[in-house]
Amino acid sequence: MALSLTSALISSKASLTSPVTLSTPKHRCSSSHLLFRSSRTGREYTAAPVHPIFCRIFSENSSMEVKNKHGILTTLYASAFEDGVKRFERSVAMILVFAQIASPLPLAAWISWPIFPAEAVLYSPDTKVPRTGELALRRAIPANTDMKAIQDSLEEISYLLRIPQRKPYGTMEGNVNKAMKIAVDEKESIFASIPADLREKGLELYASLIDGKGGLKTLIESIQEKDPDKVSLGLTSSLETVAQLELLQAPGLSFLLPEQYLKYPRLTGRGVVEFSIGKGDGSTFSPQTGGEPRNVATIQVVLDGYSAPLTSGNFAKLVVDGAYNGVKLSCANQAILSDGGLGKNSGYSVPLEIKPSGQFEPLYKTTLNVQDGELPVLPLSVYGAVAMAHSDVSEEYSSPCQFFFYLYDKRSAGLGGLSFEEGQFSVFGYTTVGREILPEIKTGDVIRSAKLVEGQERLILPD
């Protein structure tokens with residue numbers, strides 16, 4: 001902590017520059033020193049020895065001229081003394097400065113000056129904004145606190161694996177043991193949050209998490225072998241099992257929608273949309289591993305109704321209605337946009353919907369102020385994020401049908417690696433399959449088909 005030196009220097013100066021009274025020598029020539037008396041403390045100070053020639057002047061000549069010389073002499077000594085005091089003050093000041101720099105704690109009797117740290121967003125790695133769609137989707141699941149504690153403990157290992165050289169395997173093992181202890185000690189609480197008809201599936205996942213091939217015990221063995229590749233694979237497998245257990249604990253929304261928004265379609269959980277993309281100019285997409293070039297590529301997007309129920313619900317309904325079949329795509333700066341001309345009756349103009357991190361429900365018609373530390377549960381700053389464009393009428397509403405894939409590029413990002421548009425659009429899902437296809441999409445390519453392959457039972461249409 002930075003501290004103010006003002007009070008310390010003032011107190012030091014006050015003690016060192018107190019009024020000083022000059023006294024004549026007690027014995028005119030028997031003493032070879034001049035004495036000085038402080039009017040504040042009463043203490044006497046002895047100046048440098050007086051040269052013998054001055055004693056002879058005092059003893060042999062008592063005229064006014066000698067007295068004047070004596071006054072000049074004493075003034076000279078007083079000036080020398082004051083100069084020494086000033087040098088001493090400067091030395092003390094330098095000592096105090098170095099003490100302040102060297103010591104992180106305030107010195108005794110100092111008054112610290114409150115200097116507040118500068119506020120900045122994403123002082124990485126503290127905020128740990130998710131950088132993959134899988135991580136963002138997993139964090140968005142409204143599971144119980146025990147499962148979230150297991151998840152947090154395991155996710156921390158992914159950050160520890162980024163340390164380039166001497167990886168803290170001991171800390172990693174401690175994290176897994178912590179997750180294991182919670183899973184064993186809080187088993188009853190974990191299953192109490194799972195509906196009765198899903199508990200059999202939950203028991204299978206729980207057994208896999210503890211003792212399975214990609215479970216916690218196997219993860220501990222990989223950590224003990226100090227093999228970072230095995231640890232990474234085992235961690236991914238364990239976190240996938242954790243996410244599946246959490247999804248069983250969240251069969252629907254964890255909050256009530258405002259009554260005025262019940263007129264919109266809504267998705268009360270997760271859904272998966274599969275796109276088939278074709279080249280508009282007759283060219284092909286890059287071949288898959290060991291395969292041949294493809295005329296049509298497949299992309300899967302996971303919709304998150306937990307965080308954006310209205311936006312994902314409207315999008316899912318459009319997909320079910322076949323509104324995107326045959327729609328052309330165009331490429332803009334860091335985005336792939338769908339054609340917005342689907343007709344005025346296609347889709348609902350849903351209010352802007354963003355769920356802030358740490359909140360239980362989304363905000364509507366409100367953007368987030370990233371500079372003040374507001375971050376969304378579903379960040380735009382992820383490669384392959386899917387969001388709705390703004391309405392032509394008002395930015396408080398999303399477009400009824402036009403969406404875009406966001407091609408996040410850290411080189412074009414702002415403070416802390418966040419997109420300049422972060423918190424300004426309704427993000428409702430992420431590309432989880434076929435991300436490598438996105439950079440190959442060009443203006444004029446076509447959505448051959450779009451299908452809701454999972455989650456149709458969670459799509460609720462307005463009466």
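**View 1. D304 and the residues it touches.** Leaving aside residues up to four places away in sequence, D304 touches L137, A140, G269, R270, S312, L378, F428 and G429. Keep in mind as you explore these views that the model is predicted. D304 itself lies in strand 6. Is this residue, D304, buried or exposed? With a relative accessible area of 0%, D304 is buried. One of its contacts, F428, is 124 residues away along the chain, and yet 5.6 Å separates the C-alpha atoms of D304 and F428.

**View 2. E155 and R138, a salt bridge between two helices.** The structure holds 12 salt bridges, and here is one of them. E155 pairs with R138, and their closest N and O atoms are 3.1 Å apart. This pair links distant parts of the chain, with E155 in helix 5 (residues 145-160) and R138 in helix 4 (residues 133-139), 17 residues apart. Both E155 and R138 are buried.

**View 3. R139, another partner for E155.** E155 also forms a salt bridge with R139, where the closest N and O atoms are 3.3 Å apart. Again distant parts of the chain are linked: R139 belongs to helix 4 and E155 to helix 5, 16 residues apart. How do the two compare in exposure? R139 is partly exposed, because its relative accessible area is 28%. E155 has 5% relative accessibility, so E155 counts as buried, since buried means under 20%.

**View 4. D445 and K279, a salt bridge between two loops.** In this view, D445 forms a salt bridge with K279, and the closest N and O atoms lie 3.3 Å apart. Where do the two residues sit? D445 lies in the loop between strand 13 (426-433) and strand 14 (446-454), while K279 lies in the loop between strand 5 (270-278) and strand 6 (296-304), so the pair ties together parts that are 166 residues apart in sequence. Both D445 and K279 are buried.

View 5. Now return to the helix residues.

Note on methods
Residues numbered from 1 in each chain as written. Predicted model: local features only at pLDDT ≥ 70, side-chain atom pairs only at ≥ 80, totals over all residues. Heavy atoms only, no water. Salt bridge = Lys/Arg side-chain N within 4 Å of Asp/Glu carboxyl O. Helix = DSSP H or I, 4+ residues; strand = E, 2+ residues; numbered from the N terminus. Buried < 20%, exposed > 50% of the residue type's maximum accessible area, 1.4 Å probe, protein only. Contact = heavy atoms within 4.5 Å.
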